[in-house]
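Please keep the viewer open as you read along.

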Amino acid sequence: MAKTAPLERYRNIGIMAHIDAGKTTTTERILYYTGKSYKIGEVHEGAAVMDHMAQEQERGITITSAATTTFWRDHRINIIDTPGHVDFTVEVERSLRVLDGAVAVFDGVAGVEPQTETVWKQADKYGVPRMCFVNKMDRLGADFFAAVDSIVDRLGATIAVTQIPIGSEGNFAGVVDLVEMKAIVWQDEELGAKFDTTDIPAELADQAAEYREKLLDVVSQYDDGILEKFIEEEEITAQEIRTALRHATIEEGLVPVLLGSAFKNKGVQPLLDAVVDYLPSPLETRPVQGISLKGNEEVIRRPDAKEPFAALAFKIVADPHGKLTYFRVYSGTLDKGETVLNSRTQKKERVGRLLLMHANNREDLDQVAAGDIVAGIGFKDTRTGDTLCDDKDGVVLEQLEFPEPVIHVAVEPKTKAD
Ligand code: GDP
């Protein structure tokens, strides 16, 4: 199962949201659709799924792994857990350091909420390309366009709306995909696990045309070829839009906006497609900077298996099998059993096992390489934030900027000394 995708088909993503917006549900549905979470592959329909969902709800399965690997359209998707609560600001920053792109999930009723604002600013700081998923479109009071306005007004994002809803609340029936100019209509009202691709419903034709125009308008600002065709009113293909949108999202911070209802299983597969289509691979992320241990000078580490090994430990978890040290590999390779240098302690660490964490199983790897996000067992004195590197070509990767601690000191009121 390991190494089934070349690096350009990796997506290291995080899902960020205000508490209750649906981060957990969306993550679970992603794992469900990618077929890794419950190993039910073939039973994707009917009562089996219903039973399964009911069970799942009862057990309340959540993603406990700091990083979970799954596959979609031959792409390896590593989902890095991003804490949703502002109290974990430092943890959020650390997870933002190791991901290449993010999906921000919103409640379709509430729109932008305070915690998303905080995480959004942090993601801005690290230049993380991202997209938005307006969730809970089935809820009473859900308003996609109001949520979109709040994304623009409160987050200051430049957005590209790529879908509009068909129906809302209890009648939320599907989306119009403005890239393909097709309707995606959920087949089964309860589950929505399957959908039909149909023509745009007549009553939505005007609104779809209006939003298609808006989409082309914004995309053409980033792509001269599309601009020319847009002005000349020539046909622009879906593939041309996707390519331009991908470039603008990764390079220019444009934010594609999609919608759905994770809980009702509506819209998660198109969301997965968008992750593949618009979020960057490790090759498209800016190379990581560091300070060399030898010369104390700035160095750049590229996502290349041939470069010296460099990785960042971002989470340590106690596990019955031993301490799991989650790390992101930025450059080079590391074999099971090999030693690496911890640049903080200046001591060598031997990694006994390398694990790829799936939703419900873990896979032993013989080697990891640039772009990978895995857990190692065997590190003795490695903390979160430590750099693990080649012992002959050592490096300290960019340090996180932690906010200054606020220290409250009780001060005696000054009395005027005579
Ligand atoms: P998190 O705190 O962001 O991880 O949010 P959860 O995924 O735990 O969801 C919070 C609550 O909203 C749960 O009760 C979910 O069942 C519910 N929820 C999530 N997605 C949807 C949705 O699409 N529609 C509705 N109606 N409820 C949802």
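## Around the ligand

A residue counts as near a molecule when one of its heavy atoms lies within 4 Å of it. With that in mind, 15 residues surround the ligand, and the closest are Asp20, Lys23, Thr24, Thr25 and Asp138. This is a predicted model, in which local features need pLDDT of at least 70 and side-chain atom pairs count only at pLDDT 80 or more, while totals for chains, interfaces and linings use all residues. Residues are numbered from 1 along each chain as its sequence is written, and side-chain values use heavy atoms, with hydrogens and water left out.

By class, the shell holds 4 nonpolar, 6 polar and 5 charged residues (Ala, Val, Leu, Ile, Met, Phe, Trp, Tyr, Cys and Pro count as nonpolar, Asp, Glu, Lys and Arg as charged, and the others, Gly among them, as polar). Helix 1 (residues 23-33) gives the most to this shell, with 3 residues; helices (H or I, at least four residues) and strands (E, at least two) are DSSP runs, numbered from the N terminus.

## Backbone contacts of the ligand

Look next at the polar contacts (pairs of N or O atoms within 3.5 Å). A ligand oxygen is 2.7 Å from a polar backbone atom of Lys23. For Ala262, the distance from a ligand oxygen to a polar backbone atom is 3.2 Å, and for Ala21 it is 3.4 Å. The protein covers 74% of the 570 Å² of accessible area that the ligand has on its own (Shrake-Rupley method, 1.4 Å probe).

Ala311 has Leu388 of strand 23 as its bridge partner.

Strand 6 pairs with strand 11 (residues 255-259) in the parallel sense over 3 bridges. Here the bridge partner of Ala160 is Pro256, in strand 11.

Definitions and conventions. Pairing = 2+ DSSP bridges. Polar contact = N/O pair within 3.5 Å; in protein donor to acceptor, adjacent residues only side chain to side chain.
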